[in-house]
Amino acid sequence: MADRLGKLFVLGVGPGDPEWLTLRAHRILREAPVVAYPQKMRSGESYALSIVESLLPTPGPERLGLVFPMTRDPEKLRIQWGETVNRVWEKLSAGRDVAFITEGHPYLYSTAIHLVRLLRRLHPGVEVEVVPGVSSPGGAAARLDIPLADGDERVGIIPAVNDREAMRRALVDHDTVVFLKVAKVMDMMVDLLEELHLVDRAAVVTKCGTPDEQVFRDVRELRGRELEYLTLMIVKKGEER
């Protein structure tokens, strides 16, 4: 082990626009000897890396692609997460700082949460700094020109699931609801919004902040359509879109 441990920086790089990166995250990215990022197992592609790739210096840092387990099998999860954390620890124990980039905000539905939690459990002496990023709800609210909350209004950030009653409760209990990854249940959501007379209070954005971004003001037109995985819906009561 080196005389000093490296430090893990966890950088939120926002939902898609590299210009939404914070100045601190940008500086760390340019100074870190190792940049780690989540990547797809089969293709090796990384959405987070694609956001900031143009900002990396030349010659660039060492790149460390990390595959995160997409399974519910507890034994496979334990093994794969252990391997992922060990790859980061190899760099840190050699005295090298690591900047791990994650889309959106690191502490909002992010793989970074589990990475930091397990790393601290296995190596309690490690130093971690989390640098916040623009969240997808925040970015989408700006793109759609929909205020998320004002005064005493209540906001819900809800993963969209195929549970009609749970989605109904979310709409009834909040003044504004952001439904994340809503594409897979879009037809059900449109039906529910019509039933609650909220269909004109909803808007959808896909791949917010990227060149492929799409905005939909009339969600009824999305019935039966295939949408990007990174699709969210904002429903704002009292504001017709």
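Ala36 sits opposite Phe100 of β4. The model is predicted. Strand β2 (residues 34–38) and strand β4 (residues 98–102) run parallel, joined by 3 bridges.

| Helix | Strands touched | Angle between directions |
|---|---|---|
| α1 | β1, β2, β4 and β5 | about 130° with β5 |
| α3 (residues 74–93) | β1, β2, β3 and β4 | about 160° with β3 |

Now the sheet as a whole. The sheet is open and has 5 strands, in the order β3-β2-β4-β1-β5. The pairing is parallel. On average, neighbouring strands are turned by 20° against each other, with direction ignored. Strands of a sheet pair through backbone hydrogen bonds, in either a parallel or an antiparallel manner.

Next, the loop residue. Asp17 belongs to the loop that runs between β1 (7–12) and α1 (23–31). Is Asp17 buried or exposed? Asp17 counts as buried because its relative accessibility is 15%, and the cut-off for buried is under 20%. The Asp17 side chain reaches the backbone nitrogen of Glu19 at 2.9 Å. Leaving aside residues up to four places away in sequence, Asp17 touches Ile51, Arg143 and Gly209.

Key:
Residues are numbered from 1 along each chain as its sequence is written. This is a predicted model: local features need pLDDT of at least 70, side-chain atom pairs count only at pLDDT 80 or more; totals for chains, interfaces and linings use all residues. Side-chain values use heavy atoms; hydrogens and water are left out. Helices (H or I, at least four residues) and strands (E, at least two) are DSSP runs, numbered from the N terminus. Buried means under 20% relative accessible area, exposed over 50%, partly exposed in between (1.4 Å probe, protein chains only). A polar contact is a pair of N or O atoms within 3.5 Å; within protein, one must be able to donate a hydrogen and the other to accept it, and residues adjacent in sequence count only if both atoms are side-chain atoms. Contact means heavy atoms within 4.5 Å. Two strands pair if DSSP finds at least two bridges between them. Axes are lines fitted to C-alpha atoms, for helices over the stretch in contact, and angles run from 0 to 180 degrees between N-to-C directions.
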